[in-house]
Amino acid sequence: MTRDGDEFRDSSMGTAELHRRLAAIWSTPSGLWGALSTVDHKIIGRRYITTAFVFLALGGLLSMLMRLQLAQPEARFIGPDRYNQIFTMHGTNMMFLFAVPVMQAMAIYLVPLMVGTRNIAFPRLNAFSYWMYLAGGLLLWIAFVVDAGPDVGWFAYVPLSGPQYGAGKRADIWAQMITFTEVSALAIAVEIVVTVFKQRAPGMSLDRIPLFVWSMLVTSFLVIMAMPAIMVASTSLILDRLVGTHFFNPAEGGDVLLWQHLFWFFGHPEVYIIFLPAVGMVSAIVATFTRRPVFGYLGMVMALIATGVLAFGLWVHHMFVAGLPRLGESFFTASSMAIAVPAGLQIFCWLATMWAGRPVFKTPFLFVVGFMVIFVIGGLTGVMVASVPFDTQVHDTYFVVAHFHYVLVGGAVFPLLGAIYYWFPKFTGRMMSEVLGRWIFGLIFAGFNLTFFPMHILGLQGMPRRIYTYQPEMPWSGLNLFISFSAVILAAGFLLFFIDAIRSARSGSLASANPWGATTLEWATSSPPPPYNFARPPVVESLEPLSGDLETLPVASGLRVDRRELLTSSVVHASPEAREASPGDSIWPLWAALATTLMLIWSIFSPWAVVWGSVPIAITLIGWFWPKGVPEDEA
Amino acid sequence: MKEKVSSFSNAAFALAGLLFLAVSGGILGWFRQPRELRLDPPVAADLDRFRLMPNGISGSPPESYFAIGKPYESDAYNLSQGKRLYAWFGCGSCHGDGRGGVGPSFLDGWWLYGPEMVSIVASIRDGRPHGMPSFRDRMTSEQIWQLAGYVQTIGSYTPQVAAPSRNDDEQTRPAENRGPAKILFDEGPVGVHPDQGPTP
Amino acid sequence: MKEKIVIDLADLPPHGLGTASQSWWGTLAFMLIEGTGFALAIVVYLYLMSLAPPWPLDAAPPDLLAGTTLTVFLVLSVLPNIFLNRWAHQQDLRKVRIGLIAMSLVGIVPLILRAFEFPAMHIKWDQNAYGSIVWVMLGLHTTHILTDLVETLVLTCLMFSRHADNPRRFGDVNDNAMYWNFVVATWLPIYACLYWVPRL
Amino acid sequence: MRTARALLLSILVATSGCGGQQSALGSQGAPAIHVEHLILGMVAVCAAIWILVMITLGTALLRARPRTARQDDGSEKPLTMAVSAAVAATTLIIAGLTIASFYTTRGIGLADSTALTITVKGQQWWWQVFYADSSTGPGFQTANEIHIPVGRDVRLQLESPDVIHSFWVPSLAGKQDLVPGRSNSLLLRAEKPGVYRGQCAEFCGLQHSHMAIMVIAEAPGAFEGWAATQRLDAVVSADSDTAAGQASFMAKPCAACHTIRGTPAGGTTGPDLTHIGGRRTIAAGLVETTRGSLAAWIADPQTHKPGNNMPMVSLTSTELRNISAYMESLK
């Protein structure tokens with residue numbers, strides 16, 4: 001072991017020299033090899049966010065195709081086979097390839113910055129996670145392009161998705177895509193938990209963690225507890241289809257509703273996996289644009305945790321018409337309604353913050369206001385569908401379609417768009433356009449409400465979901481045509497958003513380190529941050545480390561500059577524990593992801609893939625973890 | 001400098017992505033599964049015009065069958081439709097789950113009239129001696145081809161990826177996609193069923 | 001923004017051990033994920049059982065010998081594992097090498113016993129839902145034994161390489177030992193479920 | 001509540017005609033009426049809450065503010081009070097709505113054992129309906145159309161031989177799934193005579209969109225008359241086209257899948273056609289039953305309902321005309 005001399009420490013080093021040395025050790029080399037082997041959380045996070053938004057655009061195109069087909073009764077633009085693939089793809093894509101990954105991607109980029117560390121925990125796992133996500137997304141979309149896209153709904157109920165009724169490999173592709181995205185989501189969840197637990201800046205005790213970080217911590221635990229259920233479910237489905245197990249075959253002791261229990265035990269927490277990060281984003285934006293901390297920090301944290309716990313007690317409300325015992329259903333009505341209390345608390349705390357603060361109506365804040373208007377409607381219709389008798393009339397109708405778009409688009413996409421406007425200068429070093437931002441907000445807000453509000457009425461008028469057409473004598477054609485036109489407004493808003501994002505990334509006005517006057521640590525470093533995030537780890541002395549007229553940032557010194565080193569701290573008080581090495585760039589996560597991809601796709605076709613396909617995975621994992629004799633291996 | 005690095009690595013990254021897309025696209029394109037829900041009437045009529053050798057064994061399908069890509073042997077949707085027809089038209093009452101009964105077994109590796117599609121289609125359409133009825137007036141020609149394709153997969157010794165999986169019924173033998181003929185053969189000899197009558 | 005140095009970290013250790021290390025927490029998180037998976041498998045088992053009055057379905061309860069031997073062996077294997085863990089804490093390379101070789105051998109035995117457990121179930125995965133869940137539970141746990149065995153073997157090789165004498169490696173041995181305890185601990189409820197619940 | 005109802009109804013287009021009524025609002029059966037009251041009540045409460053929240057939001061954002069910088073900490077106390085009160089109010093309202101929901105469930109109740117029981121099986125993509133033997137005569141089978149007597153509880157026994165479907169006639173009752181391997185039941189009751197349309201509400205494959213069912217509620221006398229007709233075998237009229245149609249039906253693949261009682265046709269894969277001419281619609285609510293629509297359907301079922309299990313049988317125009325005439329005659 002080398003005893004490191006003082007010349008390798010940052011303690012007495014001049015700023016320019018320190019930056020030069022840190023850049024040398026932390027930068028991602030240029031070129032294809034560098035891009036493929038980087039483990040920088042900012043590069044991977046940006047890549048993740050971009051990919052997720054590409055999937056959003058593709059999913060949006062699908063919804064426009066559906067609106068085209070539904071604009072008039074008995075239209076023949078798209079046949080039932082393709083339409084079923086399209087709506088399955090839309091749901092699957094938006095849930096598994098957009099909503100969950102984009103929220104986790106924001107965390108990959110922001111959480112290490114917000115807790116004041118230099119890279120995410122397990123950065124190579126992070127790289128692996130991205131490749132798995134990309135491979136899963138490509139698998140699904142390529143399957144769709146070649147007319148083998150899943151056509152069983154994003155929920156893939158057996159027996160329709162089972163061996164007898166789901167011909168071909170369509171349902172297997174869906175189930176295996178689940179495996180890809182769940183592996184990547186679980187990996188990120190572990191990284192976030194460990195980053196938040198062990199890598200917080202000195203002094204960032206539990207009561208000084210930013211709300212966004214809290215929300216991502218709770219979300220990560222939800223991912224860890226909920227996603228195994230869908231892995232169990234999708235694996236059983238593939239086994240049923242490939243090797244003839246009988247999990248879902250009632251004639252041999254299996255059960256059709258077992259699928260629904262497993263799916264919704266994951267599926268309901270999934271909603272909160274998407275929504276809770278948005279709570280964090282809203283809190284960050286509200287605090288910055290009302291010029292005061294969010295009211296009721298403790299209440300907000302408690303509400304996050306309560307929502308996370310309650311999320312596991314609601315799944316049966318997706319099965320109210322499946323014929324379960326009445327008593328059980330009543331319990332789930334009560335628990336489903338109860339979750340409105342923590343959600344209400346959060347809304348009231350934001351309202352109180354706005355009341356007491358001094359609102360600045362910049363684009364990110366506009367999206368938060370839009371979120372409040374829309375999400376409250378979604379929450380209230382959620383209370384309605386929690387009631388068993390109410391649900392028997394609206395379950396699987398356009399009322400529910402309206403409800404969850406109000407919750408997911410209103411509750412998650414609006415905050416996300418606000419968050420993109422808010423953190424874009426940090427991501428790219430450039431501002432997005434404030435003028436276009438207002439137009440975009442206006443178009444999306446108006447387009448969204450005009451598109452989705454009428455769907456409540458359609459549902460009550462008896463229009464079921466997942467139909468590729470309807471008959472002319474049904475009284476739905478007028479509203480459907482109206483909705484289809486409104487969807488064009490919504491799409492125009494998103495198109496303008498993409499244009500603004502691309503334009504701003506290339507030629508937006510340059511951003512300072514802290515353009516909004518925010519108070520969390522990610523704004524303490526330059527925009528965009530250097531590869532090492534912070535030249536010296538910041539030290540936190542309050543909930544808002546950058547509040548007031550801060551001129552000097554308290555920092556810690558003593559880290560080495562000749563290896564990738566960061567600080568680990570204790571879980572509760574965040575007092576420094578060790579100077580830990582952070583792994584350097586590596587191509588092995590990519591090889592491991594390719595080997596895993598090979599095995600997972602092969603196993604759709606043959607059970608032996610699990611045996612033979614594991615060999616390359618084992619080899620790549622050994623290559624990944626085998627020490628290379630670099631300084632980061634030292635201790 | 002930093003800007004340049006990131007834009008170059010982004011371009012390289014995009015290139016790699018496109019390459020991956022193309023390769024995977026090629027691989028999956030091979031498994032393309034379009035579903036033809038409505039067969040054009042002229043094509044359906046042409047399916048009936050296959051030629052058979054004088055002894056009723058083997059022959060050649062119509063040209064149009066090749067033109068549409070031999071869907072009844074390789075397409076999962078048609079094979080699964082064939083499996084439903086097997087149940088709906090009561091094939092099981094003589095052939096059981098494929099292991100035979102009053103009629104011959106499909107699983108013993110012995111095709112009385114040969115394993116070719118046209119022979120199976122002819123058996124279903126025109127019937128055969130010793131009790132196999134003609135289904136000419138009970139099924140359309142497309143249905144007969146679907147059923148024939150399915151019957152072929154039951155006895156296949158090399159399981160096809162596109163072959164149907166198990167039904168949601170009681171399990172009597174491994175499903176078609178697992179190669180039941182091979183599994184049962186490995187378990188022990190499957191003799192000629194005594195009731196099935198003399199071979200032609 | 002100007003910086004003001006308020007803490008000097010130079011005296012901190014260059015690597016965290018135990019709860020101070022990230023990999024310890026990472027291992028814990030993965031154990032939580034897999035533990036949830038095992039718990040769900042047991043829930044599925046009990047759910048299917050609740051639907052079927054005669055349980056096990058169409059099979060005798062599993063033979064106890066192989067499974068019980070394996071259980072006793074696994075419980076006993078915790079002992080050398082604890083020693084290995086302690087030696088790794090002491091960073092005693094020679095003893096850790098001995099311990100790892102021992103644990104590699106210990107990891108192979110359950111795989112051999114497991115080969116006898118599958119037939120002891122008196123059912124195959126494709127016979128009915130009972131067979132399916134039983135095979136999946138055994139298979140799931142076997143995967144964990146296998147993964148840990150491979151990890152132990154790799155660590156053993158590593159400990160005989162030039163990278164051996166390094167606190168980071170000893171930390172890896174600690175995490176590996178913790179994971180083996182997890183593999184043993186998860187087996188106990190599965191054992192109870194597979195072998196004793198059908199006898200209730 | 002009355003105004004809320006009037007408002008909602010005014011938004012809705014009045015629905016009638018051959019399709020029959022299909023709406024959760026404007027219900028005509030006891031279970032659905034209970035739910036409709038709950039729907040209107042909850043919508044009213046929730047709308048009021050939303051308006052209150054929006055007023056608060058607007059005021060919070062736009063209210064005039066003192067020119068001094070950040071307010072001192074003392075001003076948080078009223079906010080704490082306000083938030084606590086709002087949370088308490090939320091809890092109370094939620095509790096109230098939960099109780100209202102329980103009482104609605106109780107109000108709907110369960111069908112008693114004396115209720116008329118009809119077994120409905122969901123098939124890809126049509127409804128098979130069995131009437132059990134009763135005091136007035138033996139049981140019979142029909143498809144895609146259920147007749148029920150007005151003012152009487154009817155218990156539907158819901159089963160599925162293939163995939164999950166969901167029986168939903170919104171004007172009469174909430175929906176209930178048909179789950180393979182399980183048997184569910186649903187209470188149906190119509191207060192007024194009429195035609196109530198419903199359709200499958202659980203995604204069930206290619207033709208989920210075209211899987212409608214008609215519930216026809218009629219006076220008890222009319223219902224018994226209808227049931228008596230259904231029990232009879234098919235009667236062939238003397239018309240020569242019809243007789244020729246019957247001959248073609250038996251000679252062609254049609255008879256392999258469909259049953260017409262009183263004839264050799266005994267297939268069980270497709271719907272029972274014994275009295276198809278007397279049903280309002282064909283192909284599970286796809287089109288009204290006329291000779292023309294029958295001919296169009298038989299000639300090319302895969303164009304009208306792509307993916308359904310009825311094959312395109314090649315027929316001459318005469319055969320097609322005759323078979324359509326025969327179908328129409330099966331009243």
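## Stop 1

Select B:His130, which is partly exposed because 14 other C-beta atoms lie within 10 Å. The cut-offs behind that label are 20 or more for buried and 12 or fewer for exposed. Remember as you look that this is a predicted model. B:His130 sits in the loop between helix 7 (117-126) and helix 8 of chain B. Check its backbone: phi is positive, about 65°, although B:His130 is not a glycine. For background, most residues other than glycine have a negative phi, and most peptide bonds are trans.

## Stop 2

Now select D:Asn144. This residue also has a positive phi, about 60°, and is not a glycine. Find D:Asn144 in the loop between strand 3 (140-143) and strand 4 (145-149) of chain D. Is D:Asn144 buried or exposed? D:Asn144 is buried, because 22 other C-beta atoms lie within 10 Å.

## Stop 3: two cis peptide bonds

Stay in chain D and pick D:Gln124 with D:Trp125. A cis peptide bond joins the two, with omega about 0°. D:Trp125 belongs to the loop between strand 1 (116-123) and strand 2 (126-131) of chain D.

Then jump to chain A and select A:Val158 and A:Pro159. The peptide bond between them is cis, and omega is again about 0°. A:Pro159 lies in the loop that runs between helix 5 (123-145) and helix 6 (170-198) of chain A.

## Stop 4

Return to chain B and select residues 76-88. This is helix 5 of chain B, with 13 residues. From first C-alpha to last, helix 5 of chain B reaches 18 Å, close to the 18 Å expected at 1.5 Å a residue.

Why can helix 5 of chain B be called largely enclosed by the rest of the structure? Because 11 of its 13 residues are buried. Color the buried ones: B:Ala76, B:Tyr77, B:Asn78, B:Leu79, B:Ser80, B:Gln81, B:Gly82, B:Lys83, B:Arg84, B:Leu85 and B:Tyr86. Next, show what covers them. The cover includes helix 4 (71-74), helix 6 (92-95) and helix 8 (141-154) of chain B. Just after helix 5 of chain B, B:Gly90 takes a positive phi of about 70°.

## Stop 5: a helix crossing in chain A

Select residues 256-289 and 398-428 of chain A. These are helix 8 and helix 14 of chain A, whose axes come within 9 Å and cross at roughly 45°. Helix 8 and helix 14 of chain A are therefore oblique to each other. Their crossing is left-handed.

Show side chains at the contact. From helix 8 of chain A come A:Val271, A:Ile274, A:Phe275, A:Ala278, A:Met281, A:Val282 and A:Ile285. They meet residues of helix 14 of chain A, including A:Gly411, A:Pro415, A:Gly418 and A:Tyr422. By class, the contact of helix 8 with helix 14 of chain A holds 14 nonpolar, 2 polar and no charged residues.

## Stop 6: the partners of chain A

Color by chain. Which chains share the most contacts? Of the 5 pairs of chains in contact, chains A and D do. Here 70 residues of chain D are in contact with 68 residues of chain A. On the chain D side, the elements giving two or more residues are helix 2 (30-62), helix 3 (76-108) and strand 7 (176-178). Helix 3 of chain D supplies the largest share, 15 residues. The side of chain D that touches chain A has 37 nonpolar, 26 polar and 7 charged residues.

Switch to chain C. Its contact with chain A involves 45 residues of chain C and 54 residues of chain A. Strand 1 (2-8), helix 1 (22-51), helix 4 (129-159) and helix 5 (167-196) of chain C each give two or more residues to this side. Helix 1 of chain C gives the most, with 15 residues. This side of chain C has 29 nonpolar, 10 polar and 6 charged residues.

Finally, hide chain A and look at chains C and D. No contact joins them, and their closest C-alpha atoms lie 11 Å apart.

Conventions. Residues are numbered from 1 along each chain as its sequence is written. Chains are lettered from A and ligands numbered from 1 in the order in which they are written. This is a predicted model: local features need pLDDT of at least 70, side-chain atom pairs count only at pLDDT 80 or more; totals for chains, interfaces and linings use all residues. Helices (H or I, at least four residues) and strands (E, at least two) are DSSP runs, numbered from the N terminus. The expected span of a helix is 1.5 Å times one less than its number of residues. Two residues are in contact if their C-beta atoms, placed from the backbone, lie within 7 Å. Axes are lines fitted to C-alpha atoms, for helices over the stretch in contact, and angles run from 0 to 180 degrees between N-to-C directions. Angles under 35 degrees count as roughly parallel, over 145 as roughly antiparallel, 65 to 115 as roughly perpendicular and the rest as oblique. A crossing is left-handed if the near helix is turned anticlockwise from the far one by less than a right angle, and right-handed if clockwise. Ala, Val, Leu, Ile, Met, Phe, Trp, Tyr, Cys and Pro count as nonpolar, Asp, Glu, Lys and Arg as charged, and the others, Gly among them, as polar.
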